[in-house]
Structures are given as structure tokens and as C-alpha cells.
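Let's take a walk through this protein together, one piece at a time. Keep the picture open while you read.

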Amino acid sequence: MLRCAGPLDTTASYEWMCRETVGLASQVVKSARLWLLALVLGPAIAVTAVGHEAAIKAHLRTGSAALRNGDYGLAEMQARAALRLAEQLGLAHPSVTTSKFALATVLLAQGRYSESEPLLNAAMAAIRTQRGAAHPDLAVGLTNVAELYRVQGRYEEAESLLKQAMEILDLPGNSSSAARATIASNLGAAFLERGRFSEAERLHRHALELLKRAPNADPLSLVGILANLAGDHIGLGGNEDAETHLQQALDLLERAGFANHPSAALCLNQLALLRASAGDLDDAERHLKRALSIWEHRLGLRHHLLAQG
């Protein structure tokens, strides 16, 4: 900003004016340089961001496929790589939320609940802020948090979250048979573990019907519901029906190329218990050994599911 030097000291006034003029010129040149630099680097920065987003999506796709195949080590590695890249785009970038959610899901599948929970909560808060309280992604998030609570025995909290998720899916434009089936199945699992077998069976049959209506129904989701139905029948005293559902689940896994998936190990473990209770110890041992082999290979010796064996 120019200032008046005073009318009496003309020499000082002249020197001051020269300094101000040079200073102003310097600022103009500096601004021009910054503008040119921005002009040159702007597209490069944009290209870098686009490249990062493409790489993040690639990591998440690979991780999702690995998770689906039961390769939790690869799935975690890919989710962490996606998160590192996403954070370079800024902590508020939507890719950070997506990557945190992916990593939390992998950790949840591995039974690493204390690591999964803060990531899930952070992702949920970001989804509410970025996408709104009525977005279907929030229903997916609530379902995963509810599953975390269920496996920790926090059944009432899980039930509350699942009901909130269903309310979101009831909103216009949010309908999804597959998502509804997941919620119904998980709610049924919470009832099953609390000994509410008839209610659990009703929910699991409803989930099965919903999933059958969904386009391109995921075989792993169908297997999960069949395994839950088997648990319902065991609780109700129908061991033969339970064995039928477990065998259906194993056959489905075989046809879909998931014979060595952790879901197969769960079914085999349950089938082993049923065969043992029927007095067929040799068959029980065979199923149990195969289940343990899958778990050790897929999950590692430290996984909580190995305790079931």
C-alpha cells in the first residue's frame, strides 16, 4: 500500500518512492511466476490425482476379489495400499472413506475386532457427512457394524443397527433385495445365538427368498443363509434338516469354485459336530480335519475360528 512521505523532505520522498516501486514490481513478478507455475503444474497435479484414484480403485477391486476368495492376507494388503494412496488426496476425500471401510471389512472377517471397529466408526461418520443419512451406503455400513457387535455378543445394539439399516432401505430408491437379505440373515443370526430359534428360522427363510429374487445372487451369501438355517434346525431339534442345508451349502460352494473357502470350513465344522452327535465319529473326524486344513491355510493359526475346531 502506498503511503505519503511528507512535503518537506523531497530527497527522502524520492528514495522511498523508488523502493516502493521496486518492491511493487517484485511482487508483480512473483505473482506472475506463481501464476505460470500453477498453469504448468495444475494439469500435472490433476493428472496425479486421477492416477491415484485409478490406482485406488484397482487396489480395492483386487482386495474385494481376494476377500471373496477367502485370501485375507492379500485383501488386507490391497486395502491398506488403497488407504495410503487415498490419504494423499486429502483426509476428506471420498476414497479415504471407501478404503477405510474396505480395510475394516477385511479385519472384521479375520476376527480382529478391536482394529476393525474404529475404522468402521470413522467410515460411518464420513458417510453421514459426505453422502447423507439416507444414503444406501450408510445401510451397508450399519449392517457391518451390527455384524461386529453380533460376534462380540452385543445383540441388542446389533439388532438396533440392523433395524436402522432396514429403515434406510425402505426409503424410495434404496430398495435392494440382496441388501435386505443380508440384514434379515444377520438379524436372524443374532436371534439364533440368543436361542430364539423359531424367529431366526423365519428370518432366514425370508432372507433366502429375498436373495433368490435378487439378480445374480451371490453364492457365498446363499451359503451363509443355508448355514444359518442349519443352525436354526439344530436349535429346534431337526438335525437331519440341518445336515441337508449344510450339504446343500457345500455343494453350492463346490459348483461355484469355493471348495476351499472359509465358508466351507464353517459348514464342515458344523457337519462334523452333527455326525459326532449321531455317533459317526469317523465321518466327523474327516469333516473336522478338512475344516481345520482350510482354516489354517486361509486364516492362519491365530484366527479365532480355529478355536471352534
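Predicted model: local features only at pLDDT ≥ 70, side-chain atom pairs only at ≥ 80, totals over all residues.

## Helix H4 and its end

H4 has 19 residues, and its first and last C-alpha atoms are 26 Å apart, close to the 27 Å expected at 1.5 Å a residue.

Which residues of H4 are buried? They are Tyr113, Ser116, Glu117, Leu119, Leu120, Ala123, Met124, Ala126 and Ile127. The cover over these buried residues includes H3 and H5.

Next up is H5, which covers residues 136-151. Its 16 residues should span 22 Å at 1.5 Å a residue, and the end C-alpha atoms are 23 Å apart, which agrees. Twelve of those 16 residues are buried, so H5 is largely enclosed by the rest of the structure. The buried set is Leu138, Ala139, Gly141, Leu142, Thr143, Asn144, Val145, Ala146, Glu147, Leu148, Tyr149 and Arg150.

So what do the buried residues of H5 pack against? The partners are helix H3 (94-109), helix H4 (113-131), helix H6 (155-169) and H7. After H5 comes Gly153, whose phi is positive, near 80 degrees.

Is Arg150 buried or exposed? Arg150, in helix H5, counts as buried because its relative accessibility is 11%, and the cut-off for buried is under 20%. Leaving aside neighbours within four places in sequence, Arg150 is in contact with Tyr155, Ala158, Asn186, Ala189, Ala190 and Glu193.

Now find Arg180 in helix H7, which runs over residues 177-193. Arg180 is also buried, with a relative accessible area of 18%. Again setting aside neighbours within four places in sequence, Arg180 is in contact with Met166, Leu169, Asp170, Ser175 and Leu210.

## Two loop residues

Leu171 sits in the loop between H6 and H7. With a relative accessible area of 36%, Leu171 is partly exposed. How far apart are Leu171 and Pro136 in sequence and in space? They are 35 residues apart in sequence and 9.1 Å apart in space, going from C-alpha to C-alpha.

Asn216 is in another loop, between helix H8 (197-213) and helix H9 (219-236). Asn216 has a positive phi of about 55 degrees although it is not a glycine. Is Asn216 buried or exposed? Asn216 is exposed, with a relative accessible area of 79%.

In H2, the buried residues are Tyr72, Ala75, Glu76, Gln78, Ala79, Ala81, Ala82, Leu83, Leu85 and Ala86. Here's a handy rule for reading such a list: an α-helix has 3.6 residues a turn, so residues three or four places apart point the same way.

## Stepping back to the whole chain

What does the protein chain look like overall? There are twelve helices and zero strands in the protein chain. Of its 309 residues, 40% count as buried. The accessible surface comes to about 16,800 Å², and 58% of that belongs to carbon and sulfur atoms.

Now for contacts between residues with a separation of 6 or more in the protein chain: 56% of these are between residues 24 or more positions apart.

The mean pLDDT of the protein chain is 82, and 80% of its residues reach 70 or more. Which elements have the lowest and the highest mean pLDDT? Helix H1 (residues 10-68) has the lowest, at 59, and helix H10 (residues 239-255) has the highest, at 94.

Definitions and conventions
Residues numbered from 1 in each chain as written. Heavy atoms only, no water. Helix = DSSP H or I, 4+ residues; strand = E, 2+ residues; numbered from the N terminus. Buried < 20%, exposed > 50% of the residue type's maximum accessible area, 1.4 Å probe, protein only. Contact = heavy atoms within 4.5 Å. Areas by Shrake-Rupley, 256 points an atom, 1.4 Å probe, with all protein chains shown as cover. Expected span 1.5 Å × (residues − 1). pLDDT = per-residue confidence, 0-100.
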